[in-house]
Amino acid sequence: MPVLSYDGIDLWFEMFGSGPRVLVFNGSGASIDTSRPLLDALATRCEVLVHDQRCLGRSTVPAAQPTMADYAADAARLLDHVGWSSAAVFGISFGGMVAQEFAVTWPDRVERLALLCTSPGGEGGSSAPLHLLADMEPAERARTSLHNLDTRFDAAWLAEHPVDRAIVEQMAARQTEEKPAERRRGDAMQLEARRHHDVWDRLPRITCPTLVMCGEFDGLAPPANSEAIAARVTGSELRRYQGGHMFVVQDRRAMADVLAFLAPGPVERAD
């Protein structure tokens, strides 16, 4: 796995697949390794560039608290490093927040933008405050996490829906996985940056084709937040799916729609 090193930060990244170039931003606590199924699906039609965002995976946990602008700047550095002047951008959950920050800061580098289960912040609405989970009692934390995933989820629902039950079990296993202290510090720093996310006033800077996707029963990034993004970005399209925060797995239409949007046909490049 190659590394981009600058200003005391090592960013681990991968490039694979073939097709239109797509820069991928993963979600809260996610790394290249934990996002492999999603990345592999994107790589069936696209050339994927993805990195472990600072504080996560194999990348550096810095001494100073990063901002959302820092996360976006890392991606701009990465594009320069690999020689891409622009790319399509895919952002999911927290990654969708970084993707918005990137797109409003460098709109000329974004060919098309896919935003999944995310929020604009500010008056457009914020995603649920994940930084508060750590201080909750275990039972309350479990209930809140379940509601965040999908507002329909309870014992009765999961008993009758094995796919959803598998999603919950997989997410629960990730949350209970023992992490070194440095990685726990990195997770906390990412969540601290996340809670200050706000691109609401800057969203009109985005002029590229934009697809906003949300789950009807998302308790973490409510559909109203996606509606707000779509209303703010001229010419964007909003699509709603049967599922919660993990609708891309729950609704089989979602990944097909993402791929059709990101790789609609041959792409000509100047570089």
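How many helices and strands does the chain have? It has ten helices and eight strands. The model shown is predicted.

**Figure 1. The whole chain, seen through its C-alpha atoms.** These atoms fill a box of roughly 55 × 40 × 35 Å along the principal axes. The radius of gyration is 18 Å, which agrees with the value near 18 Å for a compact globule of 271 residues.

**Figure 2. Inside and surface of the chain.** Buried residues make up 51% of the 271 residues. The accessible surface comes to about 12,000 Å². Carbon and sulfur atoms hold 52% of that surface.

**Figure 3. Charged side chains.** The chain carries 27 positive and 37 negative side chains. The centres of the two sets lie 1 Å apart.

Figure 4. Which residues of helix 10 are buried? They are Ala254, Met255, Val258, Leu259, Phe261 and Leu262. These residues cover an arc of only 165° around the axis, so they sit on the same side of helix 10.

Figure 5. Helix 7 spans residues 181-194 and includes Asp187. Is Asp187 buried or exposed? Its relative accessible area is 17%. Buried means under 20%, so Asp187 is buried. Leaving aside neighbours within four places in sequence, Asp187 is in contact with Gly29, Cys55, Leu56 and Lys179.

How values were computed
Residues are numbered from 1 along each chain as its sequence is written. This is a predicted model: local features need pLDDT of at least 70, side-chain atom pairs count only at pLDDT 80 or more; totals for chains, interfaces and linings use all residues. Side-chain values use heavy atoms; hydrogens and water are left out. Helices (H or I, at least four residues) and strands (E, at least two) are DSSP runs, numbered from the N terminus. The radius of gyration is taken over C-alpha atoms; the globule rule is 2.2 Å times the number of residues to the power 0.38. Buried means under 20% relative accessible area, exposed over 50%, partly exposed in between (1.4 Å probe, protein chains only). Accessible areas come from the Shrake-Rupley method with a 1.4 Å probe; for residues, only the protein chains shown count as cover. Lys and Arg count as positive and Asp and Glu as negative; His and the chain ends are not counted. The place of a charge is taken as NZ of Lys, CZ of Arg, CG of Asp or CD of Glu. The arc is that of the directions from the helix axis to the C-beta atoms. Contact means heavy atoms within 4.5 Å.
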